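Dear colleague,

Please find below the structure for your review. A summary of the findings follows it.

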Amino acid sequence: MSSSPQQRLTFLITGCSSGLGLLLSRLVLDQGHNLIATSRAPSRTPNAINEILSHPGAGSRQWRQLDVNDLSTPKLIHDLEASGVAIDVLVNNAGFSIHAPAELLEDDELGGMMDTMYFGSARLIRAVLPFMRQRKKGVIVNMSSGAGLEGRESMSGYAAAKAALDGFSKVLAKEVASFGVRVLTVHLGAFDTTMGANSRSGRKYIQGGIPDAYVGSMADQITKTLTGGNLASVAEGDPNKAVKAVFDVIVGEGVGFGKEKERMLPLGRDVNKRVKEVIGGYQNALNVFGDICNNVNKD
Ligand SMILES: NC(=O)c1ccc[n+]([C@@H]2O[C@H](COP(=O)([O-])OP(=O)(O)OC[C@H]3O[C@@H](n4cnc5c(N)ncnc54)[C@H](OP(=O)(O)O)[C@@H]3O)[C@@H](O)[C@H]2O)c1
């Protein structure tokens with residue numbers, strides 16, 4: 001199963017205890033690359049760790065504790081680089097969602113999603129960039145979502161956190177392209193992983209604080225579906241296929257061949273639909289407000 005790449009790359013991936021992070025870790029080793037898998041509580045997933053550490057792939061591998069919310073996460077990158085490990089690919093994969101109508105989400109819930117998916121990722125990016133910049137080589141990958149483009153009801157906080165990192169990364173991509181560093185945002189649709197089990201409803205929603213007006217609303221229905229262990233019923237995406245596409249686009253092989261300069265990777269038919277909605281929405285805004293838009297400049 002293990003192959004030998006022309007150029008062996010070193011991947012550092014966050015959130016490897018389950019789902020896409022674990023699948024990507026496996027694939028990185030299958031393909032003969034080096035892996036630094038990380039998770040916030042390694043003692044909770046001994047089977048995953050044993051599997052990765054005993055993988056037959058020819059690349060090196062290690063599993064390190066990393067809670068992306070921790071302000072000291074740059075130290076891991078500094079320590080690895082100081083020990084001679086050159087990180088070629090950083091994959092910001094850690095994430096979770098709290099569902100409820102926006103009106104019911106509380107500061108700490110919104111902040112928690114921001115901490116993990118925006119600040120946590122941005123902190124690691126800023127830590128690894130100087131090394132990539134000096135080597136004139138590196139890929140930063142964010143496992144983002146269709147939600148950051150056009151979120152579904154109940155996902156306002158999650159959509160905001162993903163969109164924050166998307167915005168950061170769009171600018172970053174322009175700043176670092178001339179240094180040989182590439183930034184890739186993966187817009188995932190719904191994929192049947194453990195994310196459903198790891199999602200939860202907002203505190204006020206659970207405590208029965210949902211106003212009558214929201215009962216049975218789309219936000220209520222989606223909250224129930226996604227936090228009630230029913231992600232599989234709505235997730236049409238195959239996680240293995242997604243991870244293979246992400247890997248190929250990172251390394252420029254297979255479906256990613258010749259596409260190494262691309263910055264956005266939409267994955268899933270549901271995301272295809274959402275991308276079209278976003279394009280259509282802005283096109284409509286220009287149709288409706290184009291004249292106004294063009295007539296507010298200085299004379
Ligand atoms: N599956 C989908 O439909 C879908 C759609 C769009 C985007 N995504 C994104 O894809 C990424 C992977 O999700 P998944 O589907 O594989 O779900 P998952 O199985 O729930 O994996 C999420 C991972 O993130 C980790 N994590 C959460 N908070 C963390 C923290 N503070 N520090 C370190 N790790 C943390 C979790 O670790 P613990 O085990 O410690 O909780 C878990 O390993 C996420 O960013 C998610 O938002 C997924």
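How far from a polar backbone atom of G95 is an oxygen atom of the ligand? The separation is 3.2 Å, and a polar contact here is a pair of N or O atoms within 3.5 Å. An oxygen atom of the ligand also lies 2.7 Å from a polar backbone atom of L20, and for G189 the corresponding value is 3.4 Å. The protein covers 95% of the 880 Å² of accessible area that the ligand has on its own (Shrake-Rupley method, 1.4 Å probe).

Please note that this is a predicted model, in which local features need pLDDT of at least 70, side-chain atom pairs count only at pLDDT 80 or more, and totals for chains, interfaces and linings use all residues. Residues are numbered from 1 along each chain as its sequence is written, and side-chain values use heavy atoms, with hydrogens and water left out.

Around the ligand there are 28 residues (a heavy atom within 4 Å), of which S17, Y158, T193, T194 and N198 come nearest. This shell divides into 10 nonpolar, 14 polar (Gly among them) and four charged residues (Asp, Glu, Lys and Arg). Its largest share, three residues, is given by β6.

Strand β6 (residues 138-145) pairs with β7 (residues 181-188) in the parallel sense over eight bridges; strands are DSSP runs of E with at least two residues, and pairing requires at least two bridges. Within this pair, N142 has T185 of β7 as its bridge partner. Both strands belong to an open, parallel sheet of seven strands in the order β3-β2-β1-β4-β6-β7-β9. Its edge strands are β3 (61-65) and β9 (264-267).

Yours sincerely

Methods: Helices (H or I, at least four residues) and strands (E, at least two) are DSSP runs, numbered from the N terminus. A polar contact is a pair of N or O atoms within 3.5 Å; within protein, one must be able to donate a hydrogen and the other to accept it, and residues adjacent in sequence count only if both atoms are side-chain atoms.
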